[in-house]
Amino acid sequence: MYIHNRNSKNKHINRLKMLFLLLGIVLLLSACGQSQKPSSSEQSNHNTGTKTDANSNAGANDQDDQQNTVPPQEEKDPVQEQLNQLSLDEKVGQMILAGVQGTTLDAQAKQMITDQKVGGIIFYANNVSTLQETAKFVQSIKDANRSNPVPIFMSVDQEGGKVSRMPETVESIPSNGKVGKTKDADLAETMGKLLARQIQLVGFNVDFAPVLDINSNPNNPVIGDRSFGSSASLVSQMGIAEMKGLRSEGIIPVVKHFPGHGDTSVDSHLDLPVVNKTEKQLAELEWIPFEAAVKEQVEAVMVAHILFPKLDPDHPASLSDVIIGQHLRGKFKYDGVVITDDLSMGAIAKNYKLDDAAVATVQAGSDILLVAHSYESAKTIFDTLKSAVKSGKISESRIDESVYRILALKQKYNLSDEKQSSGDLKQLNADILDWRKQVDAR
C-alpha cells in the first residue's frame with residue numbers, strides 16, 4: 001500500500017513537471033512572437049535602416065495618400081461660365097455700342113436694347129440736358145437692360161476742353177493741351193480723377209479718354225489741343241497719368257485714336273484721312289504712347305478710321321487685320337478690348353457699306369463696334385454679324401473671343417445696372433476750381 005501510494009505520488013509529480021514544462025514552452029514561444037513584432041517607433045527606426053524597407057513603406061504611404069486625398073478640382077472661370085450661358089443673339093449684342101436719340105428713353109431705344117441686346121450706349125451733347133434729367137435718362141437705360149443677362153456700358157466722350165458733355169452746372173476742365181504745358185503728371189492724374197467724378201454724377205461707367213494722339217501736324221483739323229502736346233514722351237507721361245486717374249475712381253478708360261490721329265489733315269468725321277508713314281516712322285512717334293498704355297494694361301483701345309497705305313493700302317486702320325491683328329494684337333501683344341471709332345462717320349460711310357465694314361473689323365480683331373446716331377445702323381450690324389456666323393464667314397469661336405474680353409472687363413469693374421449716379425456736385429466743383437488754379441499757376 002505504501003509502495004503503491006509512493007508510485008502514484010511520483011507519477012503525479014511527473015505529470016505536474018510535464019505540465020509546467022509545456023506551459024513554459026508556450027510562454028516562451030509567445031514571448032518570442034512578441035519580440036519579432038516591433039513597436040511603431042521601433043518599426044519606424046527599423047525602416048530607415050534598409051533601403052528596401054524604406055521604399056516598401058513609402059509605397060504603402062503613397063497608396064494611403066491616394067486613397068485619402070480628394071482629387072483637386074479645376075478652378076472655375078467666372079467669365080467663361082457667364083459666356084457659356086449666353087445665346088448667339090446675346091453675344092453679338094455685346095459687341096455693339098450704339099447711340100440714342102433725344103434726352104429721354106424712347107420706344108426705339110428700348111426696342112434696340114430688348115431686341116439687339118446691345119452691350120453699350122454712348123451719349124453725345126444732344127443727349128445731355130440738366131444734371132438731374134441726364135442721370136434719370138442714364139438710369140432708365142440701365143433699367144431697360146435688366147432683362148438682359150449682362151450689365152450695360154454707359155459711355156461718353158469727356159476729355160476736357162472743347163470735348164465736354166457735362167451740363168453747365170458742372171465746372172469745366174481745360175483742354176489736354178493746356179494741362180500738357182504744365183508737364184506735371186500729378187496734375188494729369190488729378191485731371192483723370194476729376195473727369196471720372198464728373199461723369200459719375202450722371203451714372204456713366206466708361207470714358208473715351210485719354211487722347212494719346214501726338215499733335216505733330218499744326219494743320220490738323222480734329223486733334224489740336226485735344227492732345228497733350230507734340231512730344232511722344234510728354235503725351236505718354238501725361239496720358240498714362242490721366243488713364244490711372246480715371247481708373248482709380250472706377251471709370252473704364254479708353255485710349256484713342258490708335259494708330260495715331262495727330263498727323264492727319266482731314267477730319268475723319270467727314271472723310272477718310274490718309275497718312276503716308278512707314279511702320280518705322282509710326283514706331284518712332286505715334287505708337288509710343290499706345291505702347292506705354294499697353295504696358296500699363298490699358299482696358300480698351302479705340303482704333304481710328306485712317307488709311308495707312310504703307311501698312312495696308314486696302315483698309316483703314318479700323319478695318320485692317322494688318323494694323324489691329326498683326327500690330328496691336330501681335331507685335332504689341334495687346335489682349336484687351338478693341339473698339340472702333342464710330343462706323344457711321346464719313347470716313348467709313350463714304351467708302352464702305354456698313355455690313356461689309358462690320359464683318360471686316362471683326363475679322364481684323366475688333367471687339368466692339370461703335371455705331372451712333374441711327375437705330376437702324378445698330379440693327380444692321382446685329383443682323384450682319386449673326387448672318388456671318390451662320391454662314392461661316394465668321395466663326396462663333398471668333399465671336400466668343402471678343403465677348404470673353406468684354407465680359408472680363410465688365411466683371412473687373414463690377415458693373416451693375418443697379419448702380420446709381422453718385423457724387424457731390426458742390427464738392428466736385430470746388431475741387432475742380434482748386435485744381436484749375438494749380439494748372440494756371442504752372
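The predicted model holds 23 salt bridges. One of them pairs the side chains of Lys256 and Glu159, with an N to O distance of 2.7 Å. Lys256 belongs to strand 5 (residues 252–258), and Glu159 to the loop between strand 3 (153–156) and helix 8 (176–180), so the bridge ties together parts 97 residues apart in sequence. Both ends are shielded from solvent. Lys256 is buried at 1% relative accessibility. Glu159 is buried at 2%.

A further bridge joins Glu171 and Arg436, whose closest N and O atoms are 3.2 Å apart. This pair links distant parts of the chain: Glu171 sits in the loop between strand 3 and helix 8, Arg436 in helix 18 (residues 425–441), and 265 residues separate them. Glu171 is partly exposed, with a relative accessible area of 26%. Arg436 is also partly exposed, at 21%.

Asp184 and Arg442 form another side-chain salt bridge, at 2.6 Å from N to O. Asp184 lies in the loop between helix 8 and helix 9 (185–200), whereas Arg442 lies in the segment after helix 18, so parts 258 residues apart in sequence are tied together. Asp184 is buried, with a relative accessible area of 18%. Arg442 counts as exposed, at 55%. Elsewhere, salt bridges with shared partners join Asp157, Glu159, Arg165, Arg226 and Lys256 into one network.

Glu90 presents another case. This residue is found in helix 5 (residues 88–94). Glu90 is buried but has no salt bridge. Its nearest side chain of opposite charge, Lys117, is 5.1 Å away, and a salt bridge requires a distance within 4 Å. Beyond four places in sequence, Glu90 touches Gln85, Lys117 and Pro149.

Pro210 lies in the loop between strand 4 (206–207) and helix 10 (232–248). Its relative accessible area is 0%, so Pro210 counts as buried. Its C-alpha atom is separated by 6.7 Å from that of Val254, 44 residues apart along the chain. Residues up to four places away in sequence aside, Pro210 touches Gly239, Glu242, Met243, Leu246, Pro253, Val254, Val255 and Lys256. Lys256 is the salt-bridge partner of Glu159.

Helix 15 (residues 354–364) and helix 16 (residues 375–391) pack at about 55 degrees, and their axes are 9 Å apart. Helix 15 is therefore oblique to helix 16. The crossing is right-handed. Helix 15 contributes Leu354, Asp355, Ala358, Val359 and Val362 to the contact. Helix 16 contributes Ser377, Thr380, Ile381, Thr384, Leu385 and Ala388.

Conventions
Residues numbered from 1 in each chain as written. Predicted model: local features only at pLDDT ≥ 70, side-chain atom pairs only at ≥ 80, totals over all residues. Heavy atoms only, no water. Helix = DSSP H or I, 4+ residues; strand = E, 2+ residues; numbered from the N terminus. Buried < 20%, exposed > 50% of the residue type's maximum accessible area, 1.4 Å probe, protein only. Lys, Arg positive; Asp, Glu negative; His and termini not counted. Contact = heavy atoms within 4.5 Å. Axes fitted to C-alpha atoms, helices over the stretch in contact; angles between N-to-C directions. Parallel < 35°, antiparallel > 145°, perpendicular 65-115°, else oblique. Left-handed = near helix turned anticlockwise from the far one by under 90°.
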